[in-house]
Every structure is written in C-alpha cells, then in structure tokens.
Amino acid sequence: WRLPRAGGGGGLGRDVVYVFEMATARVTAAVCAVLDCGAAVKVAGAAWYVIAHAPHPWPSAWYYVAWVAVVVAALEVLAAATYAAGDAWSPRRRIPHRGKHLDALEVKDVACVVFNKCSTAVFSYHLARYLVAPANAAYVDWSVPRGAGDVARAAAATVALFVVYDFFYTLFHRALHHRSIYRYVHKHHHRQKAPSRGNVDAVNVHPFEFVPGEYNHLLAVAIVGRALLAVPVIALVPFIIGGGALATLNHTRFDVHVGAVYDVKYHDIHHWYPDSNYGQYTVMWDRAFGWYKPYPRDDRGVWKPRAATAANGAAANAHHRHAE
C-alpha cells in the first residue's frame, strides 16, 4: 500500500490510479478463474494485460475501453457469486411472488442494463481519481489497519457510509415516485413486480435513476471524509462491493436477512407495495420518515401477507397505475 512517487507527466494521482487499476484487474481475473466464469476470465485477462502494460498517462481511448471491460467483467463475477451465496444461504426457502413477474426483457430493458453496467465503469474511474487526488489526501486514509483501533475506525466508517448513502438514496427514491415524474423514470423499474434475476433486475432502471444512484456512493465518501473521519480505503470494500451484492440480493427470491438491519423482503415489499420501503440497504430512514412497512407473519410464523395487506398492496399499485 506504499504509494509510488510521482513520475513522468502523470503525477502521483495517475501513478496511484495505475496501481488501483492493476490490482482491480488482477483480483477480477483471479476470482473469475476460481468461479470458472470462462467469458469473464477471457475479457478480464485480456483487459488486464492491456492496462498493466500501458504507458501512463494513457495515450489512447483504447485503455479506457480496457478499463470498462475489467469493471464490467468484475460486475458479472460479483453478480454470479452473490447469486450463488444467496442460494447457499437459503437453499430451501424462497420469498413467494406477490406481484406479476416480468418474464421477457424487451429491447429497452437490455439497453438500460448494458448502459448502466458500462456507466459503473465510469463511476469507478471517477471514484479512483477522487481517492488519489492530492486535494483529498486529508479525507482518505490509505494506511493498512494494524490494530483494534484501526479496525474499529474502518468499521465505523463503513457504517457511516451506508447510513449517509441510504439517507440520500431514500429521499431520491421517494421523489422518483412522485406522480409528476414517476411515469417518465421509475416506472420502467417497477414493470418488474417480482424481481428474481438478481443484478439484471437491479440495474434494469432508467439511466437518470441509475447514474445518480452510483455517484451517491461518491457523495457519501466525500461527506463522511469531510464531516466525520478520513475514510479508510479498506472500508470501501464492504461499501462498494458489499453494497453491490446487497442490491443484487434485493432483486432475488432468496430469503436472506441479517437481523433487523437487512432483509431482502424489505425491498420485495416495495415492488408489490410501492408506497413503502424506499431504502436501498436498510429501512432505517424509512422508519424515521414513516415509510416503513414490515412483511407480516401469520400465526404460524410463516412469511405470508394477510388479506388486508394484500388489499392495501393492490390499492397502492392502483395509485401508481393512476399516476402512469
């Protein structure tokens, strides 16, 4: 983690981005090999070769294309690993469908998925540049945790990042449900009322919604770094990668939950009862704003909405159809 001195015309920022890119490509290729994701291995391996042997600063747009290939391949590996982990977590337990499943993806769905995955590469590049920018040195901690204090600080930063992110995401998501704009943006995502495809259903949103959602991560890093503590780079692993995994799980039928902090059912409720549970990773802010709706149990403890809840869900969907 010792950073190289500035060299050539690129400066310290460019040198560190080079290290970040090589590390990302190596990890992606290694994980792909372990998971036996043949196509992703070939793409990530070829892109890593291009990036690792490129002069810096990058002299051609082709190096940025290689960067996109590495990030998109990493997304595919993360999606596959998350889906496998969800299946292992609840091998026999699935969340029942409460809404109509979007069985076939149309051209506009595929276009949104492809565009959004590629835009993740752009966001990740900007995040890397932010982390290594000299102007942000006081707000980013590149040191390796060496004691309990460092680990506690990284854990605190991780929690703060999720809390800050979800505060802005919850408000943004709620605004997207306003009747004046719902039909133009967020309606596309709610065509799927019983998400099951994981990452595909998660990123199948209008670009106007997806891009701000991605850069909201960068906003959270900036706010936590300036208002609370210098963000340890190690805290970005659970925040960015773990956050991507949680967003993927939110759009599966796997009954995955972590106490009262995270539960796939929270977001599943939102897809069949749209006027509730706007948070991405937690319902903390939904509880604070009065938008939280629990997934009811019957007398036997089985996850099953009562007739009244189902009727309320139908009414909420009717409200959104009227907004359309």
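Student: Which residues of the largest nonpolar core touch the most other members?
Tutor: Tyr130, Leu131, Leu161, Val221, Leu236 and Phe239, out of 25 residues in that core. A nonpolar core is a set of buried Ala, Val, Leu, Ile, Met, Phe, Trp, Tyr and Cys residues joined through side-chain atoms within 4.5 Å. Buried means under 20% relative accessible area, exposed over 50%, partly exposed in between (1.4 Å probe, protein chains only).

Student: Which elements give two or more residues to this core?
Tutor: Helix 4, helix 5, helix 7 and helix 8 (236–249) do. The largest share comes from helix 5, with 7 residues. Helices (H or I, at least four residues) and strands (E, at least two) are DSSP runs, numbered from the N terminus.

Student: And what is Phe239 in contact with?
Tutor: Beyond its neighbours within four places in sequence, Phe239 contacts Leu161, Phe162, Tyr165, His217, Ala220 and Val221. Contact means heavy atoms within 4.5 Å. Another core, of 10 residues, lies apart from the largest one, and Leu249, Trp272, Tyr273 and Tyr295 are among its members.

Student: Before I go on, what kind of model is this?
Tutor: It is a predicted model; local features need pLDDT of at least 70, side-chain atom pairs count only at pLDDT 80 or more, and totals for chains, interfaces and linings use all residues. Residues are numbered from 1 along each chain as its sequence is written, and side-chain values use heavy atoms, with hydrogens and water left out.

Student: What pLDDT does the chain average?
Tutor: The average is 81, and 73% of the residues score at least 70. pLDDT is the predictor's confidence in each residue, from 0 to 100.

Student: Which elements have the lowest and the highest mean pLDDT?
Tutor: Helix 11 (residues 307–323) is lowest, at 48. Helix 7 (residues 207–227) is highest, at 97.

Student: Where does pLDDT stay under 50?
Tutor: One stretch is residues 298–313, with 26 contacts beyond four places in sequence in the model. Residues 32–36 also stay under 50, with 7 such contacts.

Student: Switching to helix 4. Is Asp109 buried or exposed?
Tutor: Asp109 is buried, because its relative accessible area is 0%. It sits in helix 4 (residues 107–132). Not counting residues up to four places away in sequence, Asp109 touches Leu102, Ala104, His188, Arg191 and Asn204.

Student: How much space lies in the largest cavity?
Tutor: About 70 Å³. Its lining includes Asn250, Tyr262, His267 and Gln280. Strand 4 (262–263) and helix 9 (264–272) are the elements giving two or more residues to that lining.

Student: And what is the volume of the second largest cavity?
Tutor: About 50 Å³. Helix 5 (residues 148–176) gives the most to its lining, with 3 residues. Asp141, Arg153 and Pro232 are among the lining residues.

Note on methods. On a 1 Å grid over the protein atoms alone, a cavity is a set of points where a 1.4 Å probe fits but cannot get out, and a pocket is an open set with protein on both sides within 12 Å along at least five of seven lines; lining residues have an atom within 4 Å of a point. Grid points are joined across faces, edges and corners, and a volume is the space filled by probe spheres set on the points.
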